[in-house]
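Please look at the sequence and the model before reading on.

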Amino acid sequence: ALKASYTASRDLDAATSSAVRANLNGEARRYAKDGKAYSVSDFQQHYSYDYMREWMAAPLEKRVANDGMAYSASEFRMHYTSSWESYWHAALDATQLRIAEDGKTYSIEDFVQYYKDSWQQKWSQAPEVPCKECQGKQ
């Protein structure tokens, strides 16, 4: 998608934006600074010129597949191949969990409340544990 868009426009920024929006049919979402999941188009509207930096810093949304494991949209696509979107829409949102500096397990919502604006950085550094819905199913 990037190559075709760039060939048509010769504008790398516009081509990159177009390719990111087209990736996974726009199904992928990430958690913004407020701890809520948004699409790349939402990020672009809210953050304007800085949206790509914000998008890349934001954790990916995950959903629970039939095997009881949490996957991102791209992982769902690899897991279910051509029918991945119907499974993605039917799947429960995964309550992702990480181990904080105090050694306890917390959700994204907890990280947002405690770490405020630095929650994404702390989240990316924290060890991941199975999602709330996944526990006991592995």
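**Burial and ring pairs**

Q: Why is F76 called buried?
A: F76 has a relative accessible area of 1%, and buried means under 20% (exposed is over 50%, partly exposed lies in between, with a 1.4 Å probe and protein chains only), so F76 is buried. This is a predicted model, in which local features need pLDDT of at least 70 and side-chain atom pairs count only at pLDDT 80 or more, while totals for chains, interfaces and linings use all residues. Residues are numbered from 1 along each chain as its sequence is written, and side-chain values use heavy atoms, with hydrogens and water left out.

Q: What makes W88 buried?
A: The relative accessible area of W88 is 0%, so W88 counts as buried.

Q: Why is the pair of F111 and W123 called edge-to-face?
A: Rings of Phe, Tyr and Trp (its six-membered ring) pair if their centres lie within 6.5 Å, and planes under 30 degrees apart count as stacked, over 60 as edge-to-face and the rest as tilted. The centres of F111 and W123 are 4.9 Å apart and the planes stand at 85 degrees, so the pair is edge-to-face. F111 lies in helix α7 (residues 108-115) and W123 in helix α8, 12 residues apart.

Q: How do you know that W123 counts as buried?
A: W123 has 1% relative accessibility, so W123 counts as buried; F111, at 2%, is buried too.

Q: What makes Q120 buried?
A: Q120 has a relative accessible area of 7%, so Q120 is buried.

Conventions: Helices (H or I, at least four residues) and strands (E, at least two) are DSSP runs, numbered from the N terminus.
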